[in-house]
Amino acid sequence: MALRLVADFDLGKDVLPWLRAQRAVSEASGAGSGGADVLENDYESLRVLNVERNGNIIYTYKDDKGNVIFGLYDCQTRQNELLYTFEKDLQVFSCSVNSERTLLAASLVQSTKEGKRNELQPGSKCLTLLVEIHPVNNVKVLKAVDSYIWVQFLYPHVESHPLPDNHLLLISEEKYIEQFRIHVTQEDGNRVLIKNSGHLPRDRIAEDFVWAQWDMSEQRLYYIDLKKSRSILKCIQFYADESYNLMFEVPLDISLSNSGFKLVNFGCDYHQDREKLSKHLTLCVFTNRTGSLCVCYSPKCASWEQITYSVFYIHKGHSKTFTTSLENVGSHVTKGITFLNLDYYVAVYLPGHFFHLLNVQHPDLICHSLFLTGNNEMIDMLPHCPLQSLPGSLVLDCCSGKLYRVLLSQSSLLQLLQNTRLDCEKMAALHCALYCGQGTRFLEGQIIQWISENVSACHSFDLIQEFIIASSYWSVYSETSNVDKLLPHSSVLTWNTEIPGITLVTEDIALPFMKKTGKRRSTAYVRNILDNAIKVISNLEARNLAPRLTPLLQEEDSHQRLLMGLMVSELKDHFLRHLQGVEKKKIEQMVLDYISKLLDLICHILETSWRKHNLHSCVLHFKSRGSAAEFAVFHIMTRILEATKSLFLPLPPGFHTLHTILGVQCLPLHNLLHCIDSGVLLLTETAVVRLMKDLDNTEKNEKLKFSIILRLPPLIGQKICRLWDHPMSSNIISRNHVMRLLQNYKKQPRNSMIDKSSFSVEFLPLNYFIEILTDIESSNQALYPFEGDDNVDAEFVEEAALKHTTMLLGL
């Protein structure tokens with residue numbers, strides 16, 4: 001099952017037992033049933049009214065006398081509290097309480113029972129009341145009209161002390177929104193009174209709109225203005241200092257003129273006709289803390305043969321319209337499309353038909369989203385009744401009075417990753433699973449285990465490369481809201497393959513016109529590259545205290561350290577330019593964590609393969625032939641190298657040494673040399689020194705050593721030749737020595753004082769050549785200093801030349 005539901009609240013379990021206990025206490029004290037009188041059959045009157053920003057849930061029920069009772073469930077203490085009893089037989093359809101629980105706003109309508117009339121305001125259908133609930137219980141009528149009114153208190157982001165003013169939104173069915181400012185005073189301890197209750201200041205926030213949505217988490221109001229020829233989405237931000245402003249407005253290519261009046265997230269809307277909801281349009285706005293803003297839209301449905309829905313990625317500047325054909329069209333559809341906000345993802349859900357998990361942070365490539373159809377058990381998890389999506393991946397089922405937290409199932413996603421044949425589903429499942437795990441070692445271990453056994457399972461992308469990039473991204477994702485704009489999320493840049501079962505059309509949309517601007521801050525460039533590399537390795541070792549099986553991070557490897565240090569400098573500079581208001585120390589730690597994570601993932605992949613094939617340290621000693629296990633590890637290392645090379649990612653110091661040693665043991669000579677020449681194997685001094693010392697001088701090993709030496713950079717080659725006691729090595733040293741001596745040689749008169757008795761070979765050309773070299777050495781040796789030249793002289797060159805000539809002549 002792709003989704004997992006965790007119940008955060010249940011009226012039947014969290015409220016009803018408390019109400020029964022209250023009734024039992026009341027009866028035992030002889031006070032009668034009172035406001036807490038709840039009979040067995042009264043459960044039907046128990047309903048959720050609203051979920052406030054702090055997570056508290058307001059509910060209502062009626063006692064046996066028809067009195068309306070308001071209660072509150074505190075999500076932190078998991079305790080219930082009786083807020084207020086309204087001794088009239090009215091129906092409540094909207095309610096909100098302020099953060100201090102001192103004021104209650106409620107809208108009630110006249111009872112539908114015969115003979116029951118609104119005794120407070122005869123002739124009006126709807127009453128909107130403001131009640132002092134702590135402890136005076138004065139009631140003020142805010143509205144008495146024939147249209148519906150919804151209420152919602154603002155919850156400012158202030159926790160240190162209560163604000164003197166409370167702000168209440170009133171949303172009218174007559175298409176206007178007002179804000180009331182309610183000033184309260186505190187008397188006699190906890191006694192709270194409304195000051196100047198006869199005249200409450202109010203502001204007209206919006207008017208002439210047909211759709212509005214409340215974002216309780218960010219305290220924002222979204223609404224669509226139809227004054228102009230097209231739908232204009234506007235956003236108003238409310239602040240703790242009593243101010244509010246229009247954040248942005250953006251045109252949307254949708255038609256709402258004939259859709260009627262609709263509100264989203266202004267409490268539970270029980271008065272709507274649920275049977276007609278399946279064919280009504282659905283429109284909602286979703287945001288998350290990273291700054292993404294999506295408008296999800298499903299038009300009115302004329303038939304169920306094809307379903308169309310659109311997602312406007314306002315933060316990206318484009319929209320995608322999806323079309324899918326339903327299977328089993330004849331089956332009864334009980335509701336329309338449901339959009340669920342799962343933070344980084346948006347779920348588009350139609351029970352029994354399809355489940356589409358859209359990656360809203362990186363929507364450019366469809367392969368990062370998961371689309372499942374048919375009778376798959378993964379798409380039939382949510383209740384089939386209307387659902388209300390709330391921030392924090394919460395879903396409210398108003399019919400049953402249950403609040404669920406919707407989570408993606410790691411086990412199901414891993415199962416899908418392992419079993420699906422489609423590359424696009426593997427890609428989507430991999431990213432979803434990593435998002436769920438957020439860099440947990442256990443999850444990464446499971447994925448690495450699967451990758452090591454299925455390294456060639458994907459044809460459209462490099463599996464190791466994608467895993468390293470994606471997992472490193474998720475390891476620092478929670479550190480800042482802008483990480484998606486600063487770090488790569490995927491190694492795949494284009495995806496042209498269609499997703500089975502769905503078609504899409506992508507269109508550009510106008511970016512929102514923002515009413516606020518930000519500032520950039522300056523940055524300083526870190527200069528010490530090698531120190532950066534030391535910090536990365538230190539941070540990497542601190543992340544994993546367990547001893548490593550593989551011999552990594554144990555050598556200098558200046559090339560990889562330089563690459564690490566440069567990556568730290570560039571990434572730090574990149575972050576400092578674009579992350580506003582983030583401390584420099586935090587950015588530096590983020591950079592170290594990110595690069596350390598990259599290296600740690602590579603080590604983890606290699607450790608998994610090493611452990612799987614039960615390799616030991618003896619691998620580091622050259623032997624005649626590599627085993628099947630060593631070849632398997634060499635293959636994994638080659639795939640890792642391919643994945644990192646095109647992305648210019650650093651490797652753990654010691655990686656190239658181990659890779660070369662395994663290559664020498666596992667590959668025929670011609671394949672080995674081809675890998676070296678093509679850059680697959682990078683010869684390190686450590687690996688070549690071990691090769692020269694460990695291998696004897698058989699004909700086969702001589703050929704290998706000579707081939708390796710010829711491919712070394714000159715400076716390293718000179719060092720290695722001195723470690724190989726062999727005529728071929730002596731010949732190379734002699735040739736290099738002669739070349740250096742003769743580079744700037746100018747013929748001079750011969751020195752007759754040279755002692756010719758030292759030359760025992762009567763071969764005139766060689767004697768003449770050695771005489772010249774001896775002359776140069778004696779007169780100009782200081783001009784050509786070279787490490788180890790004390791072992792190279794004319795006699796050594798003579799001896800090497802004769803041995804080499806003898807070998808060539810076969811004597």
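**Helix packing around α10**

Q: At what angle do the axes of helix α5 and helix α10 cross?
A: The axes of α5 (residues 463–476) and α10 (residues 628–645) cross at roughly 60° and come within 8 Å of each other. Axes are lines fitted to C-alpha atoms, for helices over the stretch in contact, with angles from 0 to 180 degrees between N-to-C directions. This is a predicted model, in which local features need pLDDT of at least 70, side-chain atom pairs count only at pLDDT 80 or more, and totals for chains, interfaces and linings use all residues. Residues are numbered from 1 along each chain as its sequence is written, and side-chain values use heavy atoms, with hydrogens and water left out.

Q: Why are α5 and α10 called oblique?
A: Under 35 degrees is roughly parallel, over 145 roughly antiparallel, 65 to 115 roughly perpendicular and the rest oblique. The angle between α5 and α10 is roughly 60°, and the two helices are therefore oblique to each other. Their crossing is right-handed, a word used if the near helix is turned clockwise from the far one by less than a right angle, left-handed if anticlockwise.

Q: Which residues make the contact between α5 and α10?
A: Ile464, Gln465 and Ile468 of α5 meet Ile636, Arg639, Ile640, Glu642, Ala643 and Thr644 of α10, where contact means heavy atoms within 4.5 Å. By class, five of the residues in this contact are nonpolar, two polar and two charged.

Q: What makes α3 and α4 roughly antiparallel?
A: Helix α3 (residues 423–437) and α4 pack at an angle of about 155°, with axes 10 Å apart. That value falls in the range for roughly antiparallel, and the pair is therefore given that name. Lys426, Leu430, Ala433, Leu434 and Gly437 of α3 touch Leu443, Ile447 and Trp450 of α4. This contact divides into six nonpolar residues, one polar and one charged.

Q: How do you know that the span of α10 is close to the expected one?
A: The expected span is 1.5 Å times one less than the number of residues. Helix α10 has 18 residues and is expected to span 26 Å, and its first and last C-alpha atoms are 25 Å apart.

Q: Why is Thr638 called buried?
A: Buried means under 20% relative accessible area, exposed over 50%, and partly exposed in between (1.4 Å probe, protein chains only). Thr638 has a relative accessible area of 12% and is therefore buried. Thr638 lies in α10, whose buried residues also include Ala629, Val633, Phe634 and Leu641. Among the elements covering the buried residues of α10 are α4 (441–453), α5, α9 (584–612) and α11 (655–666).

Q: What does Thr638 touch beyond four places away in sequence?
A: Thr638 touches His659 and Val680. Thr638 and Val680 are 42 residues apart in sequence, but their C-alpha atoms are 7.2 Å apart.

Q: Is Phe648 buried or exposed?
A: The relative accessibility of Phe648 is 66%, so Phe648 counts as exposed. Phe648 is in the loop between α10 and α11, and its phi is near 55°, a positive value in a residue other than glycine.

Q: What makes Asp343 partly exposed?
A: Asp343 has 24% relative accessibility and therefore counts as partly exposed. Asp343 sits in the loop between β24 (338–342) and β25 (345–350). Asp343 is not a glycine, yet has a positive phi of about 70°.

How values were computed. Helix = DSSP H or I, 4+ residues; strand = E, 2+ residues; numbered from the N terminus. Nonpolar A, V, L, I, M, F, W, Y, C, P; charged D, E, K, R; others polar.
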